[in-house]
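Welcome! Please have a look at the picture before reading on.

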Amino acid sequence: MKKNFSLTDFLCKFYVYILLFVMYAPILLLIAFSFTNTKIIGNWDGFSMHLYRTLFRDKEIMQAFYNTFLVAISSAVVSTILGTLGAIGIFYSKKRTKAIMEGIGNIPVMNAEIVTALSLTILFVFFGVQFNFITLLVGHVVLTIPFVVLSVRPKLMQMDPNIYEAALDLGATPAKALRSIVLPEIMPGVFSGFILSVTLSLDDYIITAFTRDTAFQTLSTYVYGVTSKKGTLPPSLRALTTVITLIALVILIIVNVNSKEKKSDEKI
Amino acid sequence: MRKNKIFSRKTLAVPYAVFLILFVVIPLFLIVAYAFTDENGMLTLSNFSTFFSGGHNINTLMFSIFIGMLNTAICLLLGYPAAFFLAKKGMGFGKATVLLFVMPMWINFVLRTAATRDLLFWMGISGGEHPYLATMIGMVYNYLPFVILPLYTTMTKMDISLIEASYDLGANKVQTFFKTILPMTMPGVVSASTMVFMPTMSSYVISDVMGERKISLIGNSIQLYFDQGLWHIGSLVALIMLVIIAFGSLCTDSAPEEEVRGGLW
């Protein structure tokens, strides 16, 4: 630790904390005013949990909440399975096939989300497919699958190729060798691909808006629907902000603890 | 080589390949096909003349590019020093502080934007009266984390001895910044820019929510055509954006994505 007080260090720290404060100001404001029963932000009307009660009794919001997680988890599962198998397959393919597959696989990452969304919509319209849960699921898988492949690929590259061969020489079938040798090696990549998929899906609005059945509401579409009508957020959504921030914080802590454990494992 | 290859590891990629062809390749071909045809499926250039007539759409396109560049510049100016201080050793910032900068990404995008609008409203800046200011603030709020993360990742990999060498050789702080630090962090600047520029000009949510529908970006145009079921002209706008994206990615020759986006985990 340095003991002498340095003005530049102080200013640097000050800048970082001010920026953080400004970034969190909107969320903090909503959280603060979620604990009072008032229509307008700025009019503190005593501590009350009323908004939370209305939030949890609001069937529409609860349904949207459930739908959001349903889409996120199911699309992440599909993405993780397809993407992991894809990454393994591509890794052992010939150079040209590899280059082509990687190139195409990266298109959704480079592409503007609205272009991806429109292209999928046109696909479904062209083939006369009704918009339903499956079209929405496909949309979210397109959005998230590149990130699974991108998370798994480095783990495959770090792997020692000889262990797979050794397993075969020791009499394992290729399927068995993949399951008990390759899969455990790439598991951290698979896990981070899954988490990344869930968070991307939870956050998504544009693809959801384009590929869903219009009766199907997620949090994004619900909030968009109510905010574009009224001037400010309906009060109970302030309570929702608190709940979502808490969930994000919990995920953050879990991931952080998890990565710390991984690091201490590596040291051993 | 083993003889009996009933099971090949390559075949594992088949479902993924089929998925990519069905839901990435074919839709893109459909966009191109739709842009050059009319409702009856006849080849036509009328979508082009509709789009370019009147100048309104060109204005929107130019304005979107401008907003995209402005937002990229502001985010870089605000985010670069922050990422630098976060990465600097001896500052005492842990990984937790970096994660705090990124956490807003996990709070629902629409809700976050609406929260920003409520804050501005509370401060007396309403989107109805100051649509441009409100939209720009909303854009910066939303995309700042996307700038800080890739910059931070490249900065932690920066070779400090080069900076020390620069000082030893008599360069002052400004020279050192422009001749060693900035070139070393350029990959981060490039990937940060690509993560901000395109999403800014194509997102219609922020301009809708923050600017109370008084501002129209190119994303708003696509969304409008989508609402009206005008797939052909909508495809043309999407095609124009695709060309811009392709041009942009050729120019930047982007840094490996996994380093940038996967860096957090």
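## Getting oriented

Helices here are DSSP runs of H or I with at least four residues, strands are runs of E with at least two, and both are numbered from the N terminus. Residues are numbered from 1 along each chain as its sequence is written, while chains are lettered from A and ligands numbered from 1 in the order in which they are written. This is a predicted model, in which local features need pLDDT of at least 70, side-chain atom pairs count only at pLDDT 80 or more, and totals for chains, interfaces and linings use all residues.

## How confident is the prediction?

The model scores ipTM 0.85 and pTM 0.86. A second guide is pLDDT, the predictor's confidence in each residue, from 0 to 100. Chain B has a mean pLDDT of 84, with 92% of its residues at 70 or more. Where pLDDT is low, the predicted coordinates should not be read in detail.

## Where the chains meet

Two residues are in contact if their C-beta atoms, placed from the backbone, lie within 7 Å. By that rule, 80 residues of chain A touch 72 residues of chain B. Helix H1 (residues 7–32) of chain A gives the largest share of chain A's side, 13 residues. That side has 53 nonpolar, 21 polar and 6 charged residues. In this scheme Ala, Val, Leu, Ile, Met, Phe, Trp, Tyr, Cys and Pro are nonpolar, Asp, Glu, Lys and Arg are charged, and the others, Gly among them, are polar.

One helix pair spans the two chains: H6 (residues 113–126) of chain A packs with H11 (residues 231–252) of chain B at about 145°, their axes 10 Å apart. Axes are lines fitted to C-alpha atoms, for helices over the stretch in contact, and angles run from 0 to 180 degrees between N-to-C directions. Among the residues that meet are A:Leu118 and A:Ile122 in H6(A), and B:Trp231 and B:Ala238 in H11(B). This contact has 8 nonpolar, 3 polar and no charged residues.

## A helix pair within chain B

Now for two helices of one chain. H7 (residues 160–168) and H8 (residues 173–202) of chain B cross at roughly 170°, and their axes come within 10 Å. By class, the contact has 5 nonpolar, 3 polar and 1 charged.

Is A:Ile27 buried or exposed? A:Ile27, in helix H1 of chain A, is buried because 22 other C-beta atoms lie within 10 Å. The cut-offs are 20 or more for buried, 12 or fewer for exposed, and partly exposed in between, with C-beta atoms placed from the backbone. Leaving aside neighbours within four places in sequence, A:Ile27 is in contact with A:Thr241, A:Thr245, B:Ile107 and B:Ala115.

B:Phe85 sits in helix H3 (residues 56–87) of chain B and counts as buried, with 21 C-beta neighbours inside 10 Å. Beyond four places in sequence, its contacts include A:Cys12, A:Tyr15 and B:Phe93.
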